[in-house]
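Take a look at the chain below. This report walks through its charged side chains, its aromatic rings and one patch on its surface.

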Amino acid sequence: MDKLAEQPHRRLNPLTREWVVVSPHRTKRPWQGKIEKLPEPSAIAYDPKCYLCPGNARAEGLRNPQYTSTFAFDNDFAALLPETSIEDIDDKGLIVARGERGICRVVCFSERHDLALASMPQPQIRNVVETWAEQYRELGRMPWVSYVQIFENRGAMMGASNPHPHCQIWATASLPNQVEKEQASQIEYHRQRGSCLLCDYLALETKRGERIVCRNQDFVVLVPFWAMWPFEVMLLSVRHLGAMDELTADESNSLAEILQRLCIRYDNLFEAAFPYTMGFHQRPTGGQPHPEWHFHAHYYPPLLRSATIPKFMVGFEMLGSPQRDLTPEVAAERLRSLSEVHYRSRG
């Protein structure tokens, strides 16, 4: 294993069955590429021009209530609609299209415009967790919904159109591509070995310890052995559970705590509001038990060397395989060494 820290090699992602190229010898190369502008965190608790702040106008004359906690609503510019009249198209298996029904919602984490998960009090983050679980249950009960995807894009670098703390939820009639890959791998592993893929993987990582970032009694945050992005992490439940609707009260509290701790570490890495895309992968809806599914979340942050230097997936990474220089072990060590006191709170 020592040679993995020095020489180029490939690592397999057992969830997607795809390979990632790791090139640790390239970490010393100089950087003369693009430098993004340092993001400026919002300094005001209420922005009269923000369409997510309480009481403000949204599209087509709609107005937000004076909410004081979480607030969920149907996206005014939804990518999917609950009804579609498109009939299936299949011309020799080469030109194929199918209508896709869906519901897209927005969840504001807080009425405060200037907060984020890293700076919100844990009881407020617990409210967010409860809202996620409620939305999963509500949307999952719809007979035509097959999957409920909860995700957050944080920061302009990730395409977030508004700095107000919020996430999105898409409920879809079919399984999304990445979920379909993960389901196939987990089903096959469960069928062949009689156990859970991620339970077994978590046991291996816990024993080794080198890629663990932080943990509490119910959740573990680690840099996956096959991580694609420089500071990518995975959050896994310690107990085998399939989805948010199975969380106990204590586990909901633990999830709120570990989310805040992770986000503080991220912000502290470069002492800036750390951009990322994150999302939960959990049991498909529809009433089937899915014993193969293990509740987890993926965090995909783009930053590479500083708050102004992102990694780009281009060239060979788009045409061949993803590639990274910084090893997951080094990334985990850097994240693990960081304080869990937010840099903006230090005296």
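Asp-114 has a relative accessibility of 22%, so it counts as partly exposed. The model is a predicted one. Asp-114 pairs with Arg-112 in a salt bridge, and their closest N and O atoms are 2.8 Å apart. Arg-112 is also partly exposed, because its relative accessibility is 33%.

## Salt bridges across the chain

The count of salt bridges comes to 20. One of them joins the side chains of Arg-17 and Glu-188, at 2.7 Å from N to O. This pair links distant parts of the chain, 171 residues apart. Arg-17 lies in the loop between strand E1 (9-13) and strand E2 (18-22), while Glu-188 belongs to helix H2 (residues 177-193). Arg-17 is partly exposed at 44% relative accessibility. Glu-188 is partly exposed too, with a relative accessible area of 28%.

Glu-83 and Arg-101 form another salt bridge, with 3.2 Å between the closest N and O atoms. They sit 18 residues apart. Glu-83 is in the loop between strand E3 (71-74) and E4, and Arg-101 is in the loop between strand E5 (95-97) and E6. Glu-83 has 59% relative accessibility, so it counts as exposed. Arg-101 is partly exposed, with a relative accessible area of 24%.

Salt bridges can also join up. A network of them links Arg-11, Glu-205, Glu-210, Arg-211 and Glu-329.

## Aromatic pairs

How many aromatic pairs does a search of the whole structure find? The search finds 14. Among them is the edge-to-face pair of Phe-109 and Trp-132, with 6.1 Å from centre to centre and 80 degrees between the planes. Phe-109 is in the loop between strand E6 (102-108) and helix H1 (122-140), and Trp-132 is in helix H1, 23 residues apart. Both Phe-109 and Trp-132 are buried.

Tyr-266 and Phe-274 make a stacked pair, because their ring centres are 4.5 Å apart and their planes meet at 15 degrees. Tyr-266 is buried, at 0% relative accessibility. Phe-274 is buried as well, with a relative accessible area of 1%.

## A negative patch

Which residues form a negative surface patch? They are Glu-87, Asp-88, Asp-90 and Asp-91. Asp-90 is found in strand E4 (residues 89-91). Its relative accessibility is 54%, so Asp-90 counts as exposed.

Key. Residues are numbered from 1 along each chain as its sequence is written. This is a predicted model: local features need pLDDT of at least 70, side-chain atom pairs count only at pLDDT 80 or more; totals for chains, interfaces and linings use all residues. Side-chain values use heavy atoms; hydrogens and water are left out. Patches are made of residues with over 30% relative accessible area and no salt bridge: like charges are joined within 9 Å, nonpolar side chains (Val, Leu, Ile, Met, Phe, Trp, Tyr) within 5 Å. Accessible areas come from the Shrake-Rupley method with a 1.4 Å probe; for residues, only the protein chains shown count as cover. A salt bridge is a side-chain nitrogen of Lys or Arg within 4 Å of a carboxyl oxygen of Asp or Glu. Lys and Arg count as positive and Asp and Glu as negative; His and the chain ends are not counted. The place of a charge is taken as NZ of Lys, CZ of Arg, CG of Asp or CD of Glu. Helices (H or I, at least four residues) and strands (E, at least two) are DSSP runs, numbered from the N terminus. Buried means under 20% relative accessible area, exposed over 50%, partly exposed in between (1.4 Å probe, protein chains only). Rings of Phe, Tyr and Trp (its six-membered ring) pair if their centres lie within 6.5 Å; planes under 30 degrees apart count as stacked, over 60 as edge-to-face and the rest as tilted.
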